[in-house]
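Dear colleague,

I am handing over the structure below, and after it I set out what was found. Please read it alongside the coordinates on your side.

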Amino acid sequence: MSQQLSPAAVAPELIRLDAKARDKADAIAQVAQLLTAGGCVAPGYQASMSRREELANTFLGHGVAIPHGLGEDRHLVRRDGIAVLQLPQGVEWNPGQVTHLVVGIAAQSDTHITLLRRLTRLIQDQATLQRLFTTGQAEQIVAALSGDTASQPAAPASDLAHGFSWTIAYPSGLHARPATRWAEAARRFVARLQVRAGDQAADAKSLVALLQLGLRQGDEIVVSAEGQDAEAALAALRKAMDGLILQEKADAERAAQRRAAPVNGWTPPEAQAAIVGIGASPGLAIAKVHVLAGAQTEVADRPTPLGEGGAQLHQALSRTRQQLRALEDDTQRRLGAADAAIFKAQGALLDDTDLITRACQLMVEGHGVAWSWHQAIEQTASGLAALGNPVLAGRAADLRDVGRRVLAQLDPSAAGGGLAELPDYPCILLAADLSPSDTANLDPQRVLGLATAQGGPTSHTAILSRTLGLPALVAGGADLLAVAPGTEAILDGNSGRLYLSPSANDLAAARAWIDEQRQVREREAQQRAQPAQTTDGHRIDIGANVNLPDQVPLALEQGAEGVGLMRTEFLFLERSSTPDEEEQFQTYVAMAAALDGRALIVRALDIGGDKQVAHLELPHEENPFLGVRGARLLLRRPDLLEPQLRALYRAARQGARLSIMFPMITSVPELIALRGICERLREELDAPQVPIGIMIEVPAAAAQADLLAQHADFFSIGTNDLTQYVLAIDRQNPELAAEADSLHPAVLRAIHSTVQGARAHGRWVGVCGGLAGDPFGACLLAGLGVDELSMTPNDIPAVKARLRAAALVELQALAQQALACADAGQVRGLDGAGA
Ligand code: PEP
Ligand code: MG
């Protein structure tokens, strides 16, 4: 750890005011001379400072530079010290970068990190900094550069000019999701905003600083502000804080209900030593354990010039943001909105200026960008983990998770691929902690249960395990990691116990219990397996939205009768290169094989809008949702379209029962052009005809459904996009999320017109947007005449049950009523009345 730089190190005699320098070399020579004269360094230090400049830029920004010697020349440092050369007229440090304060550093260890932290803060205080450039009083410079305390967040003695008191009313305390909303609300204003609890204060615009306060329910805080829009900022922040109370309470209640759910207690017949943690996801698993190594990441420190390092970090951060958006999107579609919010909150962690500043400080000091980033993440995460608050410990895991993603961009060799090393046999995975993104991607065939040494039941890993139906325990302690790999074990996710080397009797009892549970599940599955047939005998086909072959079994188990939407862009989004024709072909064949003759609708790449693929390096668009997206991109990029179509026709030639669907169709000529390309490739490959359909997701397509139906074999309505385009509401805008309601009568009318257009030509119509997975929405869609509904697998049982309980004639009447409603609220009011 860094020691604190002694205040005496910034001595007035080492400050030269009103100096002049011919150039940068002269400025370095002068500051080195000051250090030498002050007895801090031996004469060779000046040369070392100059050499450092060749390797790394020490311009910190805003008129400040911090030249210092190379690490290998530390022996030239006699005592720690800082010399300051004030250059009111400035000197050009690098082209376009003028320095007014040259802060020369002599340090034997890493003591000057403290100074850098101080300087970085100072740089944000432009008024003080400008004063220092011309002041005639050395004491002002001494005061500004001295007396910084270690790594604690600043703790101002008093609140800012305006403010209010508030008591934390969130049962789970100020955790990442509400803190994100606070910081988002605060950042909309220029005023300085601060949250103080006791003698700890945090910048309200900094997510990490807010989390570091470790606020729990009942804690008293003072929120204060100063600056031009301080009053408005306080009002907005308060509104955001109050507005979250109900939701936080409801979430906590749901979590409590889940925790209190009856434990089908299983106890081993023979007393067994067990590692005891907290049950995080119910169920029993029997398997050999696999201990996940590599929790410690080794990152090489390869110095990078500061400018280059900054650009690399910037790029890595923006790529990671894109990845997280894709992951959020995929998780939303696969597991639901609540799980997807985890990755949204993770994305917000990347906007934290403290974190980025900390990484930059280390880079300025001459460390490599990957190393600096890793250190910044570790320092912050350890700080959060050390507060003894389980909620914050969970956020530390999130921070490390996003940190690792950024690190993988900066230095792929350092990021480690823990899960790549899973054994061939199914196992119970033991890990210090597991990142949410790794958990979301676990293969339930290979990992039967999960036990982590750290984490809490509210951690995102635990939430995801429950969604995946994976028995899990958390907070099992370090003993877990000492278990010999390959040891046979029984994991009980209800009681949070891991029984090691169980006896034959224990194993038999556990197997019997698992069997019993399976039978219960099978009975449920049989219900789910029933068709969605209304009481008057009308059947609606039920598909699942699934992107990968290994997700198919889960979908079938939930009652899917096929795949109504395979979003192929996800083959591109979560990786750094474009899958070639052969790889795509293998995936489509595997998908068809997993479906075993059931229908498969493969959507051609829908890239653009919210689905940006970094490695395609597409031009930036001001308004990507209205830009070159979906079919528009495919028609412009045969290099993307044709390998995909060839892969699909080759799969069809091999017997795959598939249909091809094009996204974002707006006009008849687009569809005719795409059909032409399909036919040309099909003939070249001597492949069979396959149905070619289109997504109806823009109003133009709904309005011209009758004309499009002449050229399309089927329609599938994308209510997510249709809603955003009909209502002119960005589907990602959280502010308008409640208003982006697919039950809006205008959206239902667009669906109605689509069905009528399709009917005129005997085409069938599906819906694969979110409305299909809402039981009431599904009733309306069936009433409007939709033939197929495709949804997130988890939504299937409830939708089927609701449709099976109603008669088609009732649903048709309900749909007519809905079409006549004035707004979405009125449509919702019909729920319960007719279906
Ligand atoms: C839709 O827009 O409803 C749809 C299913 O497509 P995506 O959500 O992938 O844009
Ligand atoms: Mg869409």
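A residue is called buried when its relative accessible area is under 20%, exposed when it is over 50%, and partly exposed in between, with a 1.4 Å probe and protein chains only. By that criterion, 54% of the 835 residues of the protein chain count as buried.

On conventions, this is a predicted model, in which local features need pLDDT of at least 70 and side-chain atom pairs count only at pLDDT 80 or more, whereas totals for chains, interfaces and linings use all residues. Residues are numbered from 1 along each chain as its sequence is written, chains are lettered from A and ligands numbered from 1 in the order in which they are written, and side-chain values use heavy atoms, with hydrogens and water left out.

The protein chain has 31 helices and 26 strands, where helices (H or I, at least four residues) and strands (E, at least two) are DSSP runs numbered from the N terminus. With contact taken as heavy atoms within 4.5 Å, 71% of the contacts between residues at least 6 apart in sequence join residues at least 24 apart.

The metal site comes next. The magnesium ion (ligand 2) is coordinated by E697 through OE and by D721 through OD, at 2.0 to 2.1 Å; donors are N, O and S atoms within 2.8 Å of the metal (3.2 Å for Na, K and Ca), and water is not among the atoms, so sites may look incomplete. Because E697 lies in the loop between β23 (692-696) and α24 (699-703) and D721 in helix α26 (residues 719-727), the pair ties together parts that are 24 residues apart in sequence. Both E697 and D721 are buried.

As for the interior, a nonpolar core is a set of buried Ala, Val, Leu, Ile, Met, Phe, Trp, Tyr and Cys residues joined through side-chain atoms within 4.5 Å. The largest such core has 100 residues, and those with the most contacts inside it are F662, F715, I751, L789 and L803. Its largest share, eight residues, comes from helix α22 (residues 638-653). Apart from this core lies another of 86 residues, among them F189, L237, M241 and L410. Leaving aside neighbours within four places in sequence, L789 is in contact with residues including I540, I542, V767, V799 and L803.

Against helix α23 (residues 668-685), α22 packs at an angle of about 50°, with the axes 10 Å apart. That makes α22 oblique to α23, given that angles under 35 degrees count as roughly parallel, over 145 as roughly antiparallel, 65 to 115 as roughly perpendicular and the rest as oblique. Residues of α22 including L641, L645 and Y649 meet residues of α23 including L674, I677 and L681. Helices α20 and α22 pack at an angle of about 40°, with their axes 8 Å apart, and are therefore oblique to each other as well. In that packing, residues including F585, Y588 and V589 in α20 meet residues including A647, L648 and A651 in α22.

I15 lies in strand β1 (residues 15-16) and, at 10% relative accessibility, counts as buried. The C-alpha atoms of I15 and L85, which are 70 residues apart along the chain, are separated by 6.0 Å, and beyond its neighbours within four places in sequence I15 is in contact with V84, A138, I141 and V142. D401, in helix α14 (residues 390-410), counts as buried at 1% relative accessibility; outside four places in sequence, D401 is in contact with Q346, S435, P436 and S437. S659, in strand β22 (residues 658-662), is likewise counted as buried, at 14% relative accessibility.

Finally, two backbone angles: most residues other than glycine have a negative phi. S501, in the loop between β17 (497-500) and α17 (504-529), has a positive phi near 40°. D596, in the loop between α20 (581-595) and β21 (599-603), has a positive phi near 50° and is exposed, with a relative accessible area of 61%.

With best regards

Notes: Axes fitted to C-alpha atoms, helices over the stretch in contact; angles between N-to-C directions.
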